[in-house]
Amino acid sequence: MLDPVSLDALVAPRLEGLVALRRDLHAHPELGRREVRTTRVVAEHLAAAGVPSRVLRGGTGLVADVGPPGAPALGLRADLDALPVQDQKTAPYRSTVDGVCHACGHDVHTAVLAGAGTVLAGLAAQGRLAAPVRLFFQPAEELVPGGALDLLEEGVVDDVPEVLALHCDPRLPAGQLGVRTGAITGASDQFSVRLAGPGGHTARPHLTGDLVHALATVVTQLPAVLSRRVDPRAGLSVVWGHVAAGAAPNAIPEHGLARGTLRTLDVGVWEDAPELVAEVVHALVAPYGVRAEVEHVRGVPPVVNAPESVRLLERAGRAALGPEAVVETEQSLGGEDFAWFLRRTAGAMARLGVARPDATGSHDLHQGTFDVDERALGAGTRLLVAAALLRAGAGTPAGPR
């Protein structure tokens, strides 16, 4: 059997290097499909451990195989890109790039996968990894459409029967793993509503199309109408992030714009959403004499975890982190493009605890204050190594030789 002690013996010698890698990536974040330096640094880290890799056709992102020859038994995925968010921390590894930081933990995901890959490569060199593993370092998770589709288009997932991934969770302490069978995230799309009208004087709204009032109707009433057109169990949520129209207080503008996200827990509702949103928007603005154009940008479906893959993560979590470390987690409305992997093959995503015990205030994802307890690096690495060994049917590793 695998156990935390034997797994820690494998991972502990690499922890200092993993912390250094994570801090280097955190200090030099890059946005989606611009992860040139990140790709190079990860490739060099793998090469130093004897793991060759290849860059994706787009110039960022990596794929690497470890273990004996043959089709991979398991895929492990991490994401490379950062967010257009200002880093507000005072840590020595604070972002050196103005307006960009790793506010979602992708630096952790990448360091953990790099650590697991090098440990597994060491075991393979000793003949102690029974089946090959493919490492996916994916670009552009935060973009729409996401970089997962790049990997699928290159065919590197076609011969992988199962893929696992981790995502940082600042609500769980380091050393805990959150798992869930079925949907663990929501579907997420972006859309915009553009209104156009003749414009006019605010003293005579009856002689023109009151575009601002029409836009306000869309902003306030679209979520309300959709809540009556869709099964409430679908968890449909429309939230606006940008609304703009006009400049002068006494002039009705000719153009207005509202942009937001649509999220849902239900795949069927997600598939039908573009047509339904457009229908409701046009009905809402019809009384005002303005024209509406709806642009719907398809994002991602829910991440739907396969039961057998969740069981593998549970077994790996108990082996790597201890019998009490695995907890059930709730479904989130957050979007995650790992969902595209699971439309092609079996697999699951789990939540890796990263909460800092000394944290005060908010340290949630997508905030400039986000940071992690770096003990999560060792926990995540042990977990992925355990999952690969269990999937390959390996026995207990006796520690470094």
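This is a predicted model: local features need pLDDT of at least 70, side-chain atom pairs count only at pLDDT 80 or more; totals for chains, interfaces and linings use all residues.

Residues are numbered from 1 along each chain as its sequence is written, and side-chain values use heavy atoms, with hydrogens and water left out.

A cavity here is a set of points, on a 1 Å grid over the protein atoms alone, where a 1.4 Å probe fits but cannot get out. A volume is the space filled by probe spheres set on the points, which are joined across faces, edges and corners. Searching the whole structure gives one cavity of 30 Å³ or more. The volume of the largest cavity is about 50 Å³.

What lines the largest cavity? The residues are Arg77, Val108, His109, Val112, Ala165, Leu166, Leu352 and Leu384, and lining means having an atom within 4 Å of a point. Helix H4 (106-125) and strand E5 (162-173) are the elements that give two or more residues to this lining. H4 gives the most, three residues.

Now the arginine. Arginine 382 is in helix H10 (residues 375-392). Is arginine 382 buried or exposed? It counts as buried because its relative accessibility is 15%; buried means under 20% relative accessible area, with a 1.4 Å probe and protein chains only. A polar atom of the arginine 382 side chain lies 3.2 Å from the backbone oxygen of alanine 320. Beyond neighbours within four places in sequence, arginine 382 is in contact (heavy atoms within 4.5 Å) with residues including Pro4, Asp8 and Ala320.

Terms used
On a 1 Å grid over the protein atoms alone, a cavity is a set of points where a 1.4 Å probe fits but cannot get out, and a pocket is an open set with protein on both sides within 12 Å along at least five of seven lines; lining residues have an atom within 4 Å of a point. Helices (H or I, at least four residues) and strands (E, at least two) are DSSP runs, numbered from the N terminus. Buried means under 20% relative accessible area, exposed over 50%, partly exposed in between (1.4 Å probe, protein chains only). A polar contact is a pair of N or O atoms within 3.5 Å; within protein, one must be able to donate a hydrogen and the other to accept it, and residues adjacent in sequence count only if both atoms are side-chain atoms.
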